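Dear colleague,

I am handing over the structure we spoke about, and I would be grateful if you could look through it alongside the notes below.

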Amino acid sequence: MKQDDSTFVATAEIAPRPRPSEPAGWWVRTRALYFSSPATSATTILLSIVLIWLCVRFVDWGVVRAVFSTGSQGPDVCRQPEAGACWAVVAEKFRLILFGVYPYELHWRPALAIAVLGVGYLLSAMRKLWSRRLVGVWIVVLVVYGILMRGGILGLVHVPEDQWGGLPVTLILATLSLAAGFPIATVLALLRNSPRPSVGKAIAVAFIEIARSVPLVAVLFLASVMIPLFLPADVSLSKLFRVFVAFSLFSAAYLAEVIRGGLQTIPRGQYEAAEALGLGKMVTLLKIILPQAYVAVLPAIVNVFIAFFKATSIVVVVGIFDVMTAAQRAVADPMWQGFGTEIYLFVGVIYFVFCFAMSRYSATLGQR
Amino acid sequence: MAHSSGDGWPIVDIRNLNKWYEDYHALRDINLSVAPGERVVICGPSGSGKSSLIRCINGIEPFQTGSIDVCGSRLEPGQGDLTLVRRQVGMVFQQFNLFPHMTVLENCTLAPVSTGRLAAREASELAMSLLARVHVAEHAHKYPGQLSGGQQQRVAIARALCMKPRVMLFDEPTSALDPEMVKEVLDTMIDLANEGMTMVCVTHEMGFARQVADRVVFMDNGQILEIAPPAAFFASPRHERTQAFLRDVLDR
C-alpha cells in the first residue's frame, strides 16, 4: 500500500507504544555528563584533582593532625610543629563566642534565650501555623527573651545590656531589624511605586536613595555617636536600641527596592479586577497585590535577609558584643594567640547554619 | 444607599461622554442608555473605542466631559470614590483577571465577604451555587492556573455574579480564548441573558449578537455610528462603514 504524501486520511488509530529505553549503565550516564568532549573531560579531571587535593589537605590538617583536646598541658600542645588544627581553642572559647561577656555562671540564660528564639523561628516556618496567632507567639518569645537576658524579675539577677553578647545579640538584632524593616520597606515601596507625585513619594524616594548611597558603617557611627549628642542629657537610648533603629531603616531601604520590583510584576488587570469588584483600597493591597508581589521577589527578599544577617557583624565597630566581636576577643587572648583560623572557621559555621537554613527554607517556599 | 433612586428606567444612561488619551480624542459625544433586562452588544473595528466605553461605565477608565448614570448613581469627570457604584456592576475581562494566588472559591467569596455584604458561610454557599451554574463547581478548590481558559472565564463570570450585580459588563470575553473554548463561555452568557440579566457586551462574536442582543451598537473612531436591533443591523445596515465592517467580518 502506497501512501500519497500530498493528501492523507488516517485509516487506523495508532496505539501508544512504550518509549524506547535509554542506554543504561552508570558509565554511559557519567560519560555523557562529565566526559562528553575532550574539553569537558579535561575540566572534569583538572577540577577533580584540585578538589581531591584540597580535601586531603583539609582532612590532614583538620582531622588527622588536629588537636581536639590539650589535656592538662595547655595551648603548647597545639604549638608542636606536627600539630594541625587546634580545635581545643574552640572548645576553650566557644562559650565566650556564643555568649560574650555575659556573666559566666549565668550562661544558661542566654542559651535558653537562643532556644526560645529558635522555637519562634521554627513555628514561623510552618506554613499551617501562619495566622494572627503567630504575632502572639512572637510577643511571648520576645518577652521571654527579654526576661532571660535582662533579668531583674522572677528572682533572676539583673544583667545590664552592655554585658550582653554573642549569638543572642546577633540573632535579636537581625530578627528585630528585619521584622521592623519589612513593613517600613513595604510602605516605602508603595509610596515610591504610586503613579502620582506626592509629598510621601518624594520623602520615600529621597530616603531610599540616601540610605542606599551611605555606607552602613557610617550609619552605625551616626546612630551610636551622633544621636546621643543631639538628645538632651537626661535622655539616653541604649546603644543596642540605637543600632537596631539604624539597621531597620537601612535594611528597609534595600528591601523597599526589592518589594517595588515585586509590585511592578503585578499586571494592571489585577488592580482593575479588584476595582471592578468594588474592593476597598486596603483589601486590594493586603489580599491581592502584596501577597503576589512578595512571592514574585521571594528569592531577592531572602537575599537581603541573608546579607543583613551577616551585616550585623559590623556592629563590632561600635562596640556591641555580637558573635563577631566575641570571636575577635577570643582571638586576642595572648594565651591562645595564633589560632584565629580555627575560631573564625567556627564563627563561619555558625553564620553558615543560619544563612543556609534561610536559603533552603526560601527554596521550599518558592516551589509552591 | 447609592441605588435608592435607581430602580426606574434606564439602568445605564450615558450622556455626551467624551474621553481623551493624552491628546487623542478616544470617545466622542457618546449617548447610549440601557434599560433593565436589556442586552446591548457593542461591536466595531479594533481601536474604535468600544472597550474604553464599556470601561467608563464602572469608572475603571476616567473620562473628561459628560456623565454616566449607573444604577441611580451619577458618574462625572474627576469623581473620587466609585466603590459603591462598582459593587452593583459586574465586569468580565478579556484576560479573565482572576487572582492567581487564591483558589476559585476564594476568588468568588473575597468581594462579598470583605465588603461586608455576606457572611463567610453565605458567601461560600452562593459561590458554590454560581460555580455549579457555570459548570465549574468541581474545580472550586483548584487555583486558576490549573484551569483551561474557558473554565477560567466562566469562573470570572461567577465571581462577578457573587456580588449580585444589577448589570453585567463583558469586555471581549472570548477574544483571549482558544477557538474550541469560545462556545462554552458564550453558552454561559446566553444562559445569563435568558435569566433576564442586564448586559452590555463588547464582542466580535456576531453569532452571539444575532442570537442574544436586543440592540447592536456599531462604533468606529470613537463615535457611535449606528444602533439597531440585530435583525435590521445584520440584514440592512444603514451606515456605509457598518456595511463595510459587516462585509469584512461575515464574508470569511
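The notes that follow cover the interface between the chains, the cysteines and one proline.

Please keep in mind that this is a predicted model, in which local features need pLDDT of at least 70 and side-chain atom pairs count only at pLDDT 80 or more, whereas totals for chains, interfaces and linings use all residues. Residues are numbered from 1 along each chain as its sequence is written, chains are lettered from A and ligands numbered from 1 in the order in which they are written, and side-chain values use heavy atoms, with hydrogens and water left out.

To begin with the interface, 18 residues of chain A are in contact with 25 residues of chain B, contact meaning heavy atoms within 4.5 Å. The two chains bury about 1600 Å² between them, 60% of it on carbon and sulfur atoms; buried area here is the accessible area (1.4 Å probe) that two parts lose on being put together, summed over both. On the side of chain A, Glu275(A), Ala276(A) and Leu277(A) lose the most area to chain B, together 33% of what that side buries.

Three salt bridges are counted between chain A and chain B, each being a side-chain nitrogen of Lys or Arg within 4 Å of a carboxyl oxygen of Asp or Glu. One of them pairs Arg55(B) with Glu272(A), whose closest N and O atoms are 2.5 Å apart. The elements that give two or more residues to the side of chain A touching chain B are α10 (268-276) and α11 (281-296) of chain A, and α10(A) supplies the largest share, eight residues; helices are DSSP runs (H or I, at least four residues), numbered from the N terminus.

Turning to the cysteines, a search of the whole structure finds zero disulfides over all chains, a disulfide being a pair of cysteine sulfur atoms within 2.5 Å. The sulfur of Cys108(B) has its closest cysteine sulfur in Cys162(B), 4.5 Å away, which is too far for a bond. For Cys201(B), the closest cysteine sulfur is that of Cys43(B), and at 10 Å it is also too far for a bond. Cys108(B) counts as buried at 1% relative accessibility (buried means under 20% relative accessible area, with a 1.4 Å probe and protein chains only), and Cys201(B) is buried with a relative accessible area of 1%.

Finally, Pro10(B) touches Ser33(B), Val34(B), Ala35(B) and Pro36(B), not counting residues up to four places away in sequence.

With kind regards

How values were computed
Buried means under 20% relative accessible area, exposed over 50%, partly exposed in between (1.4 Å probe, protein chains only).
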